[in-house]
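Hi everyone, thanks for coming.

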Amino acid sequence: MKSPARRRVGIWLGCVLACAIIVARSQYGADLAAFLPSSPSPTQRFLVDELREGAVSRLILIGIEGRPPDELGALSRALAARLEKNEHFSYVANGAQEGWRADGEFLLRNRYVLSPAVTAERFSAAGIRRALEQQLDLLSSPASMLTGNLLPRDPTGEMLQVIERFQGQGGPGKREGIWFSADGTRALLVVQTRAAGFDIDAQEQALAQIRAAFEAAAPEQHAAGARLLVTGPGVFAVESRAGIKRDAMRFSLLGTLLVSAILLFVYRSLRVLALTLVPVASGALAGIAAVSLAFGSVHGVTLGFGATLIGEAVDYAIYLFTNTAPDSTPKTTLQRIWPTLRLGMATSVFGFGAMLFSGFSGLSQLGLFSIAGLVVAVSVTRWVLPELVPQGYHVRTAAALGPALMRWLSHAHRLRIPLLVLVIAAVAWLAGRGSTVWDDDLSSLNPAPLRMQRVDQQMRADLGAPDVGVLVVVRGDSEQAVLESAERASATLAALQAEGILAGFDSPTFYLPSAGAQRARQQAIPDAATLTRNLAAAADGLPFRAGTFAAFVEEAQAAKRRAPVTSQDLARTGLGLKLQALLAQRRDGWFAMLPLRGVSDMRLLQAGLSKHDRSQVALLDMKRELDVLYRGYRLRALGFAVLGAVAIVVLLMLTLRSAKRSWDVVAPLAAAVLVTAGILLATGTRLNIFHLVALLLVVGVGSNYTLFFERGNPGAADPQRTATSVLFCNLSTVAGFGVLGFAATPLLSAIGTTVATGAFLSLVFAAILKARSPQQG
Amino acid sequence: MHGRNGVLAALLLALSVISVSPARSAEPAAQWGIERLMLQLSQVEHSQVRFVERKYLKVLKAPLQLSGTLSYTRPGRLEKRTLKPKPETVTVMDDKLTLENPGRNERRVLKLRDYPTLWGFVESIRATLGGDIKVLERFYRVELEGGPAKWQLYLAPREPSMNEVISLIRIDGSQARIDTIEVQETRGDRSVMKILEDVP
């Protein structure tokens, strides 16, 4: 080896080592927000934050099944008792009365500041008289059994007022005194982690704690055989990350093995096989290292994409080795094919380059990863690989297969008409489907397996947990400011509810009224002497025994003097969880969420709310808003893909200096992309962002085939070797991605299926279109 | 040996005659019990009666008096329609309890399963009328006194949570008919519901 060559290998080894160190120290995430735009509107930003760190993101739903209800009940209690003592969780509930009892006592103690009915009029003689008459009426009703015997303490019925607000908020059915699914086969618990939903490491620890607590509690309760189900945003994140890691690992390995088997058959040399993988491994390492350096952490999706780099990077070495004739060396081959190789690489880089500037950190990561990976892979092929190839090596299989391949190729042009028909059919099919081609449901981005998503839906339905719906979002500069605004919005909503425009709503101010509202209620209570006098006047002529309401006067006076209820007070009760879900501090200030139920007319609702300042009180249809967000994202990604395609065409025009030659390169690719999209739709798939990225990859991989096939290609001096090299590349790509198609992670299988189909079609179409005049074959 | 056997046989025979004869004469009384009562009750498909209820409450100087109709249809429907002093209707159909009060413009639907105490109370009447001892025993320790012509059924709640509200329910009846339902509340209140004549 000459010394420059030695130096090149040395530099390469040094870079690999540096990349390996960076990769080993990288942070890995699966934060969905990475795939949301980085500069959305305030409401969208609020949504994204809510998804990342809001109270809802920290909820974990737990189901226990597989045993008779009484055993499940005991197990649920034992599990709740263990988790309550665990510092990872801020809240644990299984519907047991004990929890509600504490909440009930809190509500009872603070009924005079929580009840919306408290006004000065209510404590006048006339007001109390009316209340007492109602109470008398209630006493004769069987309903009195429900409300308990609070009459002496609460003749004006404030506790009832407070409780009635919580009615109709939904909730799971009960069995054995705790929450159960409607069919009674599953005991249900809800826990909230202290850590934010996007902190996957913390979520993973919390999950491990739940599993450990369950493992410990099950034998204790003699309920061996009971199954534990957990779901929730944090669980999704943890499982997706693990799933992507596992799938990417397993299928990369499987793909590598398969590709290796094919290449071993072609090369008949383990050493050359190993060498083929050198550019791939170097590229993947460099890609991850580049993303890690540029973004601080690597998204799981990007990592999953690493598996796909095999598809294109492995081709470079195959072209090099297969094109090396017995009488030449890799170096001379490289001189010949380098321009084509370089152009192929540049084409892909242009395709992915558009994603780099997309403004979505997730897409940018994919772009950077691909570009860094490809540049490094092609560089290693160009400058390092030739130094490592054994002297005098060449691929014999190529020579053996060549003649047969050329015979097939000479007939390929007969398929041009069917191809044209196919492309027209695909275009018609795509155009006919219109926008239904796209899957604009955000859940299609969910990297969790469908099975998990179904369990989640089921348990949410069982628990009556709020899924995304319509809500009013109120913004304020401080907690008190937002509570006061929310109180005004609540008043408007109550009026709209009375008109029948909505069936009901929830508000943080039901649990925590603003200090101002609490003070006003305290001031509405008269002093002891006045209250006693009013009470006596009111009870005159009614059959109540004298002295019955002594406790009422006492408790109302205590309420008058007590400090206002704060969010800290609520945090110690189960209502704190509710409050956290409805009231939160975010980057842009404080937010209150008022979820609405049974909205009958969105337009009238909007009109009714219009009297409030729109920057403070906004109506939000979560599902629609999220879908809009995603559609916008997909549209932008599509825009960038188109931009990338245009850049590729421009690049080809500039390099090949011929519209005709450019057409020869682009036409098969365009046909392949269209037909692949058509096939995906015909098999019932709706396209999402991952399919789009995969189609971009089809262009990247396919451009190499069409470039090598293209007539003016200087690399095609030996048509037989060119044809076989392209065939081997294609076989390995289809094998590598085809395997990925079986992955359980939706995004990996989407990419796998799309690229395998697209790459295969690219080759077939290139062969058909190339053979436009028989003498060329 | 032979003679002694003969004496023993005669003695046994005499004993058996003595022990059998009173039993035979009082046969219905000896076999009458909770099972027989329940069987009798379970044969009534439908009933509709007038009632008068008095509530003795600690907070009131005088008892409250209510009246109306009570109707039952096997197996799951029970309706208490109060007409005086204010109209109010409670209907139970299987697990669903509906409370309607036109005066308060109120209509509430509850699932009994969510309110164990209320459920238990409903079953004290519904399961008794239905002759369903299994359900009764699920909520109460059941004791029966008296005979078919005049019996008293004592129901003591099993669940501590229910016991906090109701200490004892006493149902008086004759044959397959209920005469009085008396509910003793733990906090000292008491209600007595007298069942009057059938209404068509």
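Predicted model: local features only at pLDDT ≥ 70, side-chain atom pairs only at ≥ 80, totals over all residues.

Residues are numbered from 1 along each chain as its sequence is written, with chains lettered from A and ligands numbered from 1 in the order in which they are written.

Let's start with helix α6 (residues 125-139) and α21, both in chain A: their axes come within 8 Å and cross at roughly 50°. So α6(A) and α21(A) are oblique to each other, because of those angle cut-offs.

Which residues in α6(A) meet α21(A)? They are A:A125, A:I128, A:R129 and A:L132, and on the α21(A) side we find A:N534, A:L535, A:A537, A:A538 and A:A539. Meeting, or contact, is when C-beta atoms, placed from the backbone, lie within 7 Å.

Now the other neighbour. The axes of α21(A), residues 528-539, and α22(A), residues 550-561, come within 10 Å and cross at roughly 145°. Here A:A528, A:L531, A:T532 and A:L535 of α21(A) meet A:V553, A:A556 and A:Q557 of α22(A).

Zooming out, chain A has 30 helices and 13 strands, taken as DSSP runs (helices H or I, at least four residues; strands E, at least two). And among its contacts between residues at least 6 apart in sequence, 82% join residues at least 24 apart.

Definitions and conventions
Axes fitted to C-alpha atoms, helices over the stretch in contact; angles between N-to-C directions. Contact = placed C-beta atoms within 7 Å. Parallel < 35°, antiparallel > 145°, perpendicular 65-115°, else oblique.
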